[in-house]
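Work through the exercises below with the sequence and the model in view. Each task is followed by a solution in steps.

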Amino acid sequence: MRNGTSETNITALQKASSTVQERLTFANGAAAGVPVAVGYLPIAVTFGLLAKSSGVPDYITIMMSFFIFAGASQFVGVNLLALGAAHWEIVFTTFIINLRHFLMTASLTRRVEEGTAKKWLALLSFGVTDETFTVASLRRERELSPAFLLGLNLIAFSAWNAGTWAGIFLGSGLPEAIQTSMGIALYAMFIGLLVPSMKKSRPVLVISLLAVGIHSFLQWFPLFEGLSAGWGIIITTILAAAAGAVIFPGGGKA
Amino acid sequence: MDSLVLLVLAMGAVTYIPRMLPMVLLQNLKLPAFLNRFLEFIPFAAIGALIFPGILSSTGDTASAVAGGAVSAMLAYLQLNLMLVVLGGIAGVLAWNLLM
């Protein structure tokens with residue numbers, strides 16, 4: 001009897017270890033980041049061009065992509081600079097636009113390998129954008145290694161900075177028709193990551209459709225006209241994720 | 001340091017701090033089950049909000065954006081490689097603009 005139990009335990013263990021993931025590598029991360037990099041390039045080129053044509057000094061534009069690394073707020077920052085807005089106002093707007101990353105890193109950190117050093121977490125958090133967060137979060141592996149996240153973030157960061165330089169110094173972007181069409185690239189990537197999960201999991205389907213509904217309502221209902229894009233995404237994310245946590249007590253696999 | 005450099009560093013700081021604090025502080029924290037589920041569901045809520053309605057204004061006109069989005073959604077439903085989903089979306093917009 002005792003023998004039988006331990007045998008079952010061994011088989012169970014072997015089963016478990018064979019289904020346990022390989023630890024994700026730096027190269028896995030870099031490969032996963034390629035679609036992000038491809039999506040970033042044309043946007044970063046546009047950013048470089050826009051900043052140059054708005055009269056922002058080249059070294060400031062370069063520093064923005066290096067030290068801020070957040071697309072939407074860099075565009076808004078350049079626009080506000082060109083409009084002559086007060087600097088505190090630009091900093092405050094940047095804060096609001098990027099505050100949504102607070103929710104994203106709160107979620108992502110629960111997936112990072114246990115025991116990862118705090119200095120690693122602090123370094124990796126710099127590279128968390130809507131896109132790198134999405135790619136990392138929708139990995140099938142439950143545990144994400146720091147090396148994986150570094151590879152993912154670094155290729156995205158490199159593309160963003162290379163594109164910025166290209167926009168400033170090459171002075172021209174892609175042909176107009178291609179440029180416009182590439183505007184959809186990152187949205188297409190989000191769709192490509194989300195749809196397979198929606199197929200597999202009912203909670204994912206319900207929560208993401210709920211978010212689409214809430215966000216549309218906030219954007220189009222006249223009462224919320226003054227709500228900035230930054231707040232719209234934050235409010236939507238909190239409401240839809242909280243609703244999901246109430247409706248699906250079993251979590252994402254239900 | 002000139003004031004533009006200070007501006008960029010301040011923008012960097014207010015971007016970095018909200019990214020960094022939860023990442024460092026919440027990793028090993030034991031949380032109630034409800035909060036764990038909430039955090040687990042954040043990606044799907046955030047992605048839904050990021051896609052829509054933003055996608056509609058991503059290409060300059062709504063119709064071509066819908067066309068590109070539809071191609072991407074179809075390819076994603078067939079679970080093709082992510083790069084193909086992205087290229088398909090771009091091709092969809094391009095085709096709409098050339099043909100319509």
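Helices are DSSP runs of H or I with at least four residues, numbered from the N terminus, and strands are runs of E with at least two. The model used here is predicted.

**Exercise 1. The make-up of chain A**

Task: state how many helices and strands chain A has, and give the order of its elements.

Solution. Step 1: the count for chain A comes to 14 helices and 0 strands. Step 2: read from the N terminus, the order is α-α-α-α-α-α-α-α-α-α-α-α-α-α. Step 3: the C-alpha trace of chain A spans about 80 × 45 × 35 Å along its principal axes. Step 4: chain A has 254 residues, and 50% of them are buried.

**Exercise 2. Salt bridges**

Task: give the number of salt bridges over all chains, then examine the pairs Glu113(A) with Arg23(A) and Asp130(A) with Arg100(A).

Solution. Step 1: the count is 4 salt bridges over all chains. Step 2: one of them joins the side chains of Glu113(A) and Arg23(A), at 2.6 Å from N to O. Step 3: Glu113(A) is in the loop between α7 (100-108) and α8 (118-125) of chain A, and Arg23(A) is in the loop between α1 (2-19) and α2 of chain A, so this pair ties together parts 90 residues apart in sequence. Step 4: Glu113(A) is buried, at 14% relative accessible area, whereas Arg23(A) is exposed, at 54%.

Step 1: turn to Asp130(A) and Arg100(A), whose side chains meet in a salt bridge of 2.8 Å, N to O. Step 6: Asp130(A) belongs to helix α9 (residues 130-137) of chain A and Arg100(A) to helix α7 of chain A, so the pair links parts 30 residues apart in sequence. Step 7: both Asp130(A) and Arg100(A) are buried.

**Exercise 3. Backbone exceptions**

Task: find where Phe69(A), Gln79(B) and Pro53(B) lie, and describe the backbone there.

Solution. Step 1: most residues other than glycine have a negative phi, and most peptide bonds are trans. Step 2: Phe69(A) has a positive phi, near 50 degrees. Phe69(A) lies in the loop between α4 and α5 (71-83) of chain A and is buried, at 2% relative accessibility. Step 3: Gln79(B) also has a positive phi, near 55 degrees. Gln79(B) sits in the loop between α3 and α4 (82-99) of chain B and is partly exposed, at 46%. Step 4: the peptide bond joining Phe52(B) and Pro53(B) is cis, with omega about 0 degrees. Pro53(B) is in the loop between α2 and α3 (62-77) of chain B.

**Exercise 4. A nonpolar patch**

Task: which residues make the nonpolar surface patch of about 420 Å²?

Solution. Step 1: the patch is made by Leu210(A), Val246(A), Ile247(A), Phe34(B) and Leu35(B). Step 2: the elements giving two or more residues to the patch are α14 (229-247) of chain A and α2 (33-51) of chain B. Step 3: Leu210(A) lies in helix α13 (residues 202-220) of chain A and is partly exposed, at 32% relative accessible area.

Terms used
Residues numbered from 1 in each chain as written. Chains lettered and ligands numbered in written order. Predicted model: local features only at pLDDT ≥ 70, side-chain atom pairs only at ≥ 80, totals over all residues. Heavy atoms only, no water. Patch = residues over 30% accessible without salt bridge, like charges linked within 9 Å, V, L, I, M, F, W, Y side chains within 5 Å. Areas by Shrake-Rupley, 256 points an atom, 1.4 Å probe, with all protein chains shown as cover. Buried < 20%, exposed > 50% of the residue type's maximum accessible area, 1.4 Å probe, protein only.
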